[in-house]
Amino acid sequence: MSLAASCVRCPAPVPCPNHGGLAPLWRPEEPSYDAFAEHLAATPQFPTYLPWPMGPGWSVTDFASVGDGVERARATLTCASGTSELDGPVDVMVIAEEPGTGLGGRCAGTRYDDPGAEISYRTPTARVRIGSQPVSLWDISTSTADGEFDRSVLAGEAGGRWLWLVLRPASALLLLRDEWILRDVSRLGPQLLEIPFGGPRPVW
Ligand SMILES: [Zn+2]
């Protein structure tokens, strides 16, 4: 077992003194193919999205899930990292979660769990595709967050779950001018072997 449990809301180990009773977050000690296979085995009913195809030189630098047992996943997270000509090193975190889980809000630095109030009645900022399905995303303000947050946050809804994209640095939002494809890699099969893992992990 290379996935370690911690609190979904903060870096504390479980049981967390401040956030008791929540399903734990499962994160690998080191992102690797074997740990990712373990992650996918623990989340069979839940999508795990990656930007697809991964650009040359990009790798999966982090992933995690939330749940208190197989087939009880409430959220998944991946981080793909690489470089872009304009931004230098870029982190792209993708979080899919059931409402009220709080992982997306934690990574995004928002004060609320669910982005619904911020995305109603506005024109979407960007679109991604999941399979043949276009998914609208709205920019989410992180101006109320503590500290320095050089990131752009987008959120929308896909398959009845919140979908969050957290891009670092904030200027990497421009990469989304081209419509991205997010692939649910939980059903990828042998192509999984081609995904590179490792590299500096994002802080969240
Ligand atoms: Zn906690």
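This is a predicted model: local features need pLDDT of at least 70, side-chain atom pairs count only at pLDDT 80 or more; totals for chains, interfaces and linings use all residues.
Residues are numbered from 1 along each chain as its sequence is written, and side-chain values use heavy atoms, with hydrogens and water left out.

**Exercise 1.** Work out which strand gives the most to the lining of the largest pocket.

*Solution.* Start with the terms: on a 1 Å grid over the protein atoms alone, a pocket is an open set of points where a 1.4 Å probe fits, with protein on both sides within 12 Å along at least five of seven lines, and lining residues have an atom within 4 Å of a point. The volume, about 310 Å³ here, is the space filled by probe spheres set on the points. Next, the strands (DSSP E runs of at least two residues, numbered from the N terminus): strand 5 (73-84) and strand 11 (180-184) each supply at least two lining residues.

**Exercise 2.** Find how strand 5 pairs with strand 4 and with strand 6.

*Solution.* Two strands pair if DSSP finds at least two bridges between them. Take strand 4 (residues 59-67) to begin with: eight bridges tie it to strand 5, antiparallel, and G67 has A73 as its bridge partner. Five residues separate the two in a hairpin, where G69 in the turn shows a positive phi of about 155 degrees. Now strand 6 (residues 88-97): it's antiparallel to strand 5 too, over 10 bridges, with C79 opposite M93.

Notes:
Helices (H or I, at least four residues) and strands (E, at least two) are DSSP runs, numbered from the N terminus.
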